[in-house]
Amino acid sequence: MSLSNRYDFVLLFEVKDGNPNGDPDAGNLPRLDAETGHGLVTDVSLKRKVRNFVGLVKGDASPYEIYVKEKAVLNKTHERAYEGIGKAELLKGDDKKRKGGEAVNQARDWMCKNFFDVRTFGAVMSTGVNCGQVRGPVQLTFARSADPIIAQEHSITRMAVATEAEAEKQDGDNRTMGRKHTVPYGLYVAHGFVSSFLAKQTGFSQDDLELLWQALGQMFEHDRSAARGEMATRGLYVFKHDSELGNAPAHALFERITVEKNTDVPRSFADYTVAMNDADMPTGVTVSKLV
């Protein structure tokens, strides 16, 4: 069933003694706003966790296959699309790089039909074997911590070395030193949007939406890593509009979810008070707390 409503949502999640999203250009330090010290987690990181959850739950099978996944060769997937629409002959020669045409539109529709993340988040599939471009109905912002974070650096020791040459240098001591970065505690807030107009274009359905809500609520439970410490979804607030265009500005709705710390140095979710103002909601808008 296709969507006929606009949705806006607020996602709250926490990290404790972990690195929620390291920056490879900064020695894998936790990402932060250099001016305010607030922690950041990219939208790409959050989408990765949604993709991993859907692949885990649905077994990476059509119509819930995952397009952007580990070790994927995207042009090979594009070739599958042309084979799927019965036009594999267009893959020969320079036709595979064609700029448009009905075959490209059909290949794009095939990708939307079979891949959850394409019809959800969209994708640029026009390089190499051309399957067009898709603008996804679901968009996420960077997550930002409610308060400034402190990135701690820890020295760690491995009681082994990788090569015999290293062992000889250490006379058999065989130790490898390393470093690890963590955030003692951070409560992060991200905003999201669901467009019914774009959902109709990609085939994003009501069932897909329910799967998205499930993924946002449970994705950290199946993404454990020593580097990420303890992470958990602490809140998922969904604003549903009666219309496709929407009945209120998204920013005005997001302001109804407030996060206030009740101690100087928060170290747990209990050190925050999260409030949802559902009084005098704009006409045509309802709010639900899913987590």
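Predicted model: local features only at pLDDT ≥ 70, side-chain atom pairs only at ≥ 80, totals over all residues.
**Notebook: glycine, cysteines and charged pairs**

I started with glutamate 65, which counts as buried at 10% relative accessibility. Next I looked up the partner of glutamate 65: its side chain meets that of arginine 80 in a salt bridge, 3.0 Å from N to O. Arginine 80 sits in helix α2 (residues 74-84) and glutamate 65 in the loop between α1 (43-58) and α2, so the pair ties together parts 15 residues apart in sequence. Arginine 80 counts as partly exposed, at 34%.

I then checked arginine 119, and found a salt bridge to aspartate 208 (2.8 Å, N to O). That pair links helix α4 (residues 116-121) with helix α7 (residues 206-218), parts that are 89 residues apart in sequence. Both arginine 119 and aspartate 208 are buried. I also noted a network of salt bridges with shared partners, made of Lys49, Asp223 and Arg228. The salt bridge count comes to 16.

On to the cysteines. How many disulfides are there? The count is zero. Cysteine 112 is in none, because the nearest cysteine sulfur, on cysteine 131, is 10 Å away and a disulfide needs the sulfurs within 2.5 Å. Cysteine 112 is buried at 5% relative accessible area, and cysteine 131 is buried at 0%.

Last stop: glycine 18, in strand β1 (residues 7-18). Is glycine 18 buried or exposed? It is buried, with a relative accessible area of 0%. Leaving aside neighbours within four places in sequence, I found glycine 18 in contact with His181, Thr182, Val183, Ala227, Arg228 and Gly229.

Technical notes
Residues numbered from 1 in each chain as written. Heavy atoms only, no water. Helix = DSSP H or I, 4+ residues; strand = E, 2+ residues; numbered from the N terminus. Buried < 20%, exposed > 50% of the residue type's maximum accessible area, 1.4 Å probe, protein only. Contact = heavy atoms within 4.5 Å. Salt bridge = Lys/Arg side-chain N within 4 Å of Asp/Glu carboxyl O.
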